[in-house]
Amino acid sequence: MLGCWAQLCWRREVTLFISELTLLAHAGLHPVLAEALMLALAACPQEKAPGRYALLREDIYMNVMQFPTGLPEQKRAELHEAFIDIQLLLAGEERIFYGVAGSARECDEWHREDDYQLCSAIANEQTATLLPGMFIVFMPGEPHKPGCNVTVSRDIKKVVVKVRARLLTA
């Protein structure tokens with residue numbers, strides 16, 4: 001049954017993917033995304049200062065971040081076109097608001113060079129709560145608002161692994 005889930009997931013019929021690192025070998029994650037996550041883990045992001053780190057040319061890199069969570073009303077959603085986000089929480093707890101592709105509303109112009117667009121609303125918004133060791137995958141076009149409080153503001157450390165989307169079809 002897991003094989004069917006993985007096939008559906010990467011045909012874009014179902015795109016949200018959330019799991020834990022301890023289950024990675026059995027999670028059904030696309031091999032390119034699993035490899036990207038393993039490259040990031042091998043680079044020991046928990047020991048790195050915040051910043052951008054290349055993992056495989058410009059096709060796979062990671063952004064290490066450390067900041068306090070905030071109120072969702074004070075944040076905006078983001079979406080990407082060329083890159084897939086794998087957001088892995090290293091420390092703290094975080095709520096992420098998200099939606100399916102096409103659900104972003106009230107959006108600014110695209111920042112094509114940096115591959116992002118900011119939006120003020122997500123139609124039929126959903127939430128996911130991440131604890132350390134959990135990750136969530138956002139495909140191109142899927143709006144997401146990370147870094148939100150679960151209950152109160154807490155310091156978090158996370159790594160966002162960026163994977164060029166065309167690698168999944170190469």
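**Fold, cores and strand pairing in a predicted protein chain**

Of the 170 residues of the protein chain, 46% count as buried, where buried means under 20% relative accessible area, exposed means over 50%, and partly exposed lies in between, with a 1.4 Å probe and protein chains only. The model is predicted, so that local features need pLDDT of at least 70 and side-chain atom pairs count only at pLDDT 80 or more, whereas totals for chains, interfaces and linings use all residues. Residues are numbered from 1 along each chain as its sequence is written, and side-chain values use heavy atoms, with hydrogens and water left out.

The radius of gyration of the protein chain, taken over C-alpha atoms, is 15 Å, which agrees with the value near 15 Å for a compact globule of 170 residues; the globule rule behind this comparison is 2.2 Å times the number of residues to the power 0.38. Along the principal axes, the C-alpha atoms fill a box of roughly 35 × 35 × 35 Å. The chain exposes about 8800 Å², of which carbon and sulfur atoms supply 54%; accessible areas come from the Shrake-Rupley method with a 1.4 Å probe, and for residues only the protein chains shown count as cover. Among contacts (heavy atoms within 4.5 Å) between residues at least 6 apart in sequence, 77% join residues at least 24 apart.

The secondary structure comes to two helices and 12 strands, which follow the pattern α-β-α-β-β-β-β-β-β-β-β-β-β-β along the sequence. Helices (H or I, at least four residues) and strands (E, at least two) are DSSP runs, numbered from the N terminus. Six of the strands form an open sheet with the order S1-S10-S5-S12-S3-S2 and antiparallel pairing, two strands being paired if DSSP finds at least two bridges between them. The edge strands of this sheet are S1 (17–20) and S2 (51–56), each of which pairs on one side only. From one strand to the next, the twist averages 20°, with axes given by lines fitted to C-alpha atoms and angles running from 0 to 180 degrees between N-to-C directions.

At one side of the sheet order, S2 pairs with S3 (residues 60–68) in the antiparallel sense over five bridges. In this pairing, Asn63 is the bridge partner of Arg52, and Tyr61 is the bridge partner of Ala54. The two strands form a hairpin with three residues between them, and Arg57 in the turn has a positive phi of about 50°. S3 is also joined to S12 by nine bridges, again in an antiparallel arrangement, and here the partner of Phe67 is Ile156.

Val64, which has its place in strand S3, is buried, with a relative accessible area of 3%. Leaving aside neighbours within four places in sequence, Val64 is in contact with Pro45, Lys48, Ala49, Pro50, Gly51, Tyr53, Lys157, Lys158 and Val159. By contrast, the C-alpha atoms of Val64 and Glu142, 78 residues apart along the chain, are separated by 21 Å.

A nonpolar core is a set of buried Ala, Val, Leu, Ile, Met, Phe, Trp, Tyr and Cys residues joined through side-chain atoms within 4.5 Å. The largest such core has 24 residues, and those with the most contacts inside it are Leu29, Ile86, Phe135, Val137, Val161 and Val163. Helix H2 (31–42) and strands S3, S5 (83–91), S10 (134–138) and S12 (155–164) each supply at least two residues of this core, the largest share, six residues, coming from H2. A second, separate core of nine residues includes Ala128, Leu130, Ile136 and Ile156.

A further set of pairings involves strand S6 (residues 94–98), which is mostly covered, with four of its five residues buried. S6 pairs with S9 in the antiparallel sense over five bridges, Ala128 in S9 being the bridge partner of Ile96. Three bridges join S6 to strand S11 (residues 144–148), which also run antiparallel, and in S11 the partner of Phe97 is Lys145.

Glu125 is found in the loop between strand S8 (117–122) and strand S9 (126–130), and is partly exposed, with a relative accessible area of 35%. Not counting residues up to four places away in sequence, Glu125 touches Phe97, Tyr98 and Lys145. The C-alpha atoms of Glu125 and Phe97 are separated by 6.5 Å, although these residues are 28 residues apart along the chain.
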